[in-house]
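Here is a protein model to walk through step by step. Keep the sequence and the 3D view side by side as you read.

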Amino acid sequence: MKFSVNASELNKALAVVSKAISPKSALPILECVYIKADSKEHKIFLKGSDGDFSIITKVPAIVYIEGEIVVQVKKLVDIVRTYSEGNIEFFVDEKNVINFSCDFAAISSDVTLLGRNANEYPPIVTYEQGDIRLDSNMMKSLIKETVFACAVNEAGAPILTGILIEIKDGLVKFSALDGFKMAIRKENIDNTEIELKCVVPAKTMSEVLRIIGIYEYDVFIGLHDKKIVFDIGTDTQVVSNLLMGDFINCEALIPKDINTVVKLDRTELMKSVDRCALINDSINSSMVKMDFVEENLKIYSRSSIGHIVEEMRSTKSGEDVFIAFNSRYLLEILKNLSDERIVLEIKNRTNPALIKPVDNDKYLYLIMPVKYVD
């Protein structure tokens, strides 16, 4: 196998596929990246996988001799990232020895690295591009504003470690919750005929978000045999197993009979809560109290290392209320919002509170209060 490829493009492609590769796999071959040179497409194919989750991407190249090789990803990434410009020429001999060289500026570099036979790698499966197309900016917002609410610990309820994706009647809805907070994010799309419902692991969605950030391409979604496939542009495909089981009915968790509605500035509230969090001396003492009385919001926190009290103006209707939240969970919500004016809806100090935008209904967040100690 012999090909020449731009160093910058190869670095970018390796950064994409390497995220699917586990550094310590039960199958050592999955600690490697698969590379194939195709003279018909004039591209090289790179694939990384951990068995449940795979990323395949293509890079334009000058292919002199077709072929395929598997190589330990960490060593390849570490070496290739030292080349920031020009083209790198790869040559693989019949013993799977890889030689790559690069000439740029006043330096000539020649490196040899031992690869492995590509026949040892699990079969490469690619899928047809899906019919569901989402704008890149829309997809980024949908993921970013929900993925943080997924559960981290698989031992409790594995289904909650993913995002529920629902598409029906021209509405896309992403939902996530972990028992302490919940996120629901909606967008309208033009196609009212397509339908989809599945739960996708948070890891997969985070990587899709990262790849979109690199390439800024629209995303095509399709389902195939209990797998979800994301085509990002024309050259990158992410394939992931779905999470099986019944997802919690998020809508049923939304409290009714709201007694207090408060309009706030998101950034000012975030800064205030952030300062209160700095006073907390441990994860277990991350409480921030919020007293909504007339038009004032009093925010305060106390721990063994000190205390802080702040006040800010708000627009309140309904009853005065005294409530407390985990500052870390509240900050996670506030930091992932794009709207500057938000609405906080509260039933009482023991029921979940809701956070919404002032001007639209694109998202809804729920946060559980913690015990308010006077």
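The model is predicted, so local features need pLDDT of at least 70 and side-chain atom pairs count only at pLDDT 80 or more, while totals for chains, interfaces and linings use all residues. Residues are numbered from 1 along each chain as its sequence is written, and side-chain values use heavy atoms, with hydrogens and water left out.

Now the strands around that pair. Strand β15 covers residues 227-232, and strand β16 covers residues 236-241. The two run antiparallel and are joined by 6 bridges. Strands pair when DSSP finds at least two bridges between them. Helices (H or I, at least four residues) and strands (E, at least two) are DSSP runs, numbered from the N terminus. In the hairpin of β15 and β16, 3 residues lie between the strands. Gly-233 takes a positive phi there, near 70°.

β15 has another partner. Strand β14 (residues 219-224) pairs with β15 in the antiparallel sense, over 6 bridges. Ile-221 has Phe-230 of β15 as its bridge partner. This hairpin has 2 residues between the strands, and Asp-225 takes a positive phi near 50°. Lys-226 is found in the loop between β14 and β15. Its phi is also positive, near 60°, in a residue other than glycine. Most residues other than glycine have a negative phi, and most peptide bonds are trans.

How enclosed is β15? Of its 6 residues, 5 are buried, so the strand is largely enclosed by the rest of the structure. Buried means under 20% relative accessible area, exposed means over 50%, and partly exposed is in between (1.4 Å probe, protein chains only). Lys-226 counts as exposed, at 63% relative accessibility. Asp-257 lies in the loop between β16 and β17 (260-265). This residue has a positive phi of about 55° although it is not a glycine. Asp-257 is exposed, with a relative accessible area of 59%.

Return to β16 for one of its residues, Thr-236. At 3% relative accessibility, Thr-236 counts as buried. What does the side chain of Thr-236 make a polar contact with? The partner is the side chain of Thr-57, at 2.8 Å. A polar contact is a pair of N or O atoms within 3.5 Å; within protein, one must be able to donate a hydrogen and the other to accept it, and residues adjacent in sequence count only if both atoms are side-chain atoms. Leaving out residues up to four places away in sequence, Thr-236 touches several others, including Val-16, Ile-55, Ile-211, Tyr-215 and Phe-230. Contact means heavy atoms within 4.5 Å.

Next comes a helix, α3 (residues 136-144). Its buried residues are Ser-136, Met-138, Met-139, Leu-142 and Ile-143. Seen down the axis of α3, they fall within an arc of 160°, so they line one face of the helix. The arc is that of the directions from the helix axis to the C-beta atoms. Elements that cover these buried residues include β9 (132-134), α4 (202-215), β14 and β15. Asp-135 caps the N-terminal end of α3, with a side-chain oxygen 2.9 Å from the backbone nitrogen of Asn-137.

Turn to the rings. The structure holds 7 aromatic pairs. Rings of Phe, Tyr and Trp (its six-membered ring) pair if their centres lie within 6.5 Å; planes under 30 degrees apart count as stacked, over 60 as edge-to-face and the rest as tilted. The rings of Phe-180 and Tyr-329 have centres 5.0 Å apart and planes at 25°, so this pair is stacked. Phe-180 lies in the loop between β11 (171-177) and β12 (181-188) and Tyr-329 in helix α6 (residues 327-335), so the pair ties together parts that are 149 residues apart in sequence. Phe-180 is partly exposed, at 42%, whereas Tyr-329 is buried, at 14%. Ring pairs also link Phe-3, Phe-90 and Phe-100 into a cluster.

Finally, step back to the whole. The protein has 6 helices and 26 strands. Of its 374 residues, 51% count as buried. Its C-alpha trace spans about 80 × 50 × 35 Å along the principal axes.
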